[in-house]
Amino acid sequence: KHIFFVFLGIIIIFILSSIDEDKLFKISPVFFLISLFTLFLVPIIGIEVNSAQRWIDLYLLPRFQPIELVKPFLVILISLILSSEKFTNIYLKYFISFLITLLIALLLAAQPDIGQTLLVFFSWSVLIFISGINVILLITSGLILCAVLYFSINFFPKFAYIKNRILSFFNTETGTHNAQSEKAIESITSGGFFGKGIGEGTLKNKVPEAHTDYIISVISEEFGVIAIILILLIFLIFIYSVFKKVYLVNEERTKLVLVGCISLILLQAMIHIGVNIRLFPTTGMTLPFISYGGSSIISISILSGIILNLTKRQIN
């Protein structure tokens with residue numbers, strides 16, 4: 001099943017990287033609307049797993065997570081809005097882009113999926129920061145969002161699980177999610193520098209969803225910290241290569257899209273690794289390119305195809 005999605009992802013990368021750049025920007029809003037429609041379907045026909053309703057069952061894509069399809073095209077849509085020449089009022093652009101982001105955030109909060117909600121808001125913040133927003137206005141928006149999150153966690157029972165995860169993160173003796181993080185730390189420690197060997201790790205049998213949320217710990221246990229350092233180095237080289245291209249790009253929409261796409265990948269990787277080494281509370285965040293999951297592979301393939309499309313041409 002995983003190999004099927006890998007091949008599907010390669011096809012998506014090839015198609016998105018091959019089409020004309022202008023055509024990519026024209027069709028992206030259409031794909032965004034389609035993906036947004038699937039996100040609206042989650043409360044209606046969604047599949048509930050571990051008290052969360054985040055997936056829908058499609059014919060070819062069983063247990064597909066719509067937000068993974070929404071994120072790449074949301075980045076393009078916001079970039080097109082912020083770089084649009086039809087509207088001269090920059091604050092109107094910020095407001096429109098915020099309303100779209102807020103709509104998606106509300107749909108995610110209803111599932112509930114606070115991790116993806118914060119990821120979406122972070123992507124929006126990065127894009128408006130790059131577009132030249134006043135820093136004071138950006139900080140004010142961030143404080144308002146933090147206040148809303150605090151209010152939601154303390155006064156809405158549906159979000160009580162977030163409070164429990166945060167409390168268990170600081171109290172090492174309570175919480176099942178905290179126990180998962182402790183086992184992940186133990187596996188990283190037991191793996192040492194060079195690991196126990198392929199298939200010799202035990203974490204994958206102790207922690208639920210180890211092949212997705214804790215994949216970096218499984219790799220560390222079997223291949224050692226050296227493998228993790230290599231993975232981090234590859235991510236850094238990839239991110240540096242994209243930002244080097246961004247520096248040479250003159251077109252604002254292209255610059256915004258590239259920064260938005262690479263920021264999504266970077267933050268997702270940071271959160272995944274941070275949870276595994278117990279820097280952050282537990283969240284269901286996959287590691288780009290590596291974690292198991294069809295939705296995750298398709299999302300990262302779309303992001304990769306967009307990045308390749310906008311960076312493969314020689315820039316003078």
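Before I started, I wrote down the cut-offs for burial: a residue is buried under 20% relative accessible area, exposed over 50%, and partly exposed in between. I also noted that I was working with a predicted model.

Entry on Glu251. I looked up its relative accessible area and found 36%, so I put Glu251 down as partly exposed. Glu251 forms a salt bridge with Arg253, and the closest N and O atoms of this pair are 2.8 Å apart. Salt bridges with shared partners join Glu251, Arg253 and Asp22 into one network.

Entry on Arg253 and Asp22. How far apart are the closest N and O atoms in the salt bridge of Arg253 with Asp22? I read off 2.6 Å. Arg253 belongs to helix 12 (residues 252–276) and Asp22 to helix 2 (residues 21–45), so this pair ties together parts that are 231 residues apart in sequence. Arg253 counts as buried because its relative accessibility is 19%, whereas Asp22, at 41%, counts as partly exposed.

Entry on helix 3. I counted three salt bridges in the structure, and one of them joins the side chains of Glu68 and Lys71 at 3.1 Å, N to O. Both residues lie in helix 3 (residues 66–82), three residues apart, which is about one turn of the helix, and I noted both Glu68 and Lys71 as buried.

Entry on Glu222. I found Glu222 in helix 10 (residues 215–223), and its relative accessibility of 9% makes it buried. Glu222 and Lys196 are 26 residues apart in sequence, yet their C-alpha atoms are 4.8 Å apart in space.

Conventions. Residues are numbered from 1 along each chain as its sequence is written. This is a predicted model: local features need pLDDT of at least 70, side-chain atom pairs count only at pLDDT 80 or more; totals for chains, interfaces and linings use all residues. Side-chain values use heavy atoms; hydrogens and water are left out. Helices (H or I, at least four residues) and strands (E, at least two) are DSSP runs, numbered from the N terminus. Buried means under 20% relative accessible area, exposed over 50%, partly exposed in between (1.4 Å probe, protein chains only). A salt bridge is a side-chain nitrogen of Lys or Arg within 4 Å of a carboxyl oxygen of Asp or Glu.
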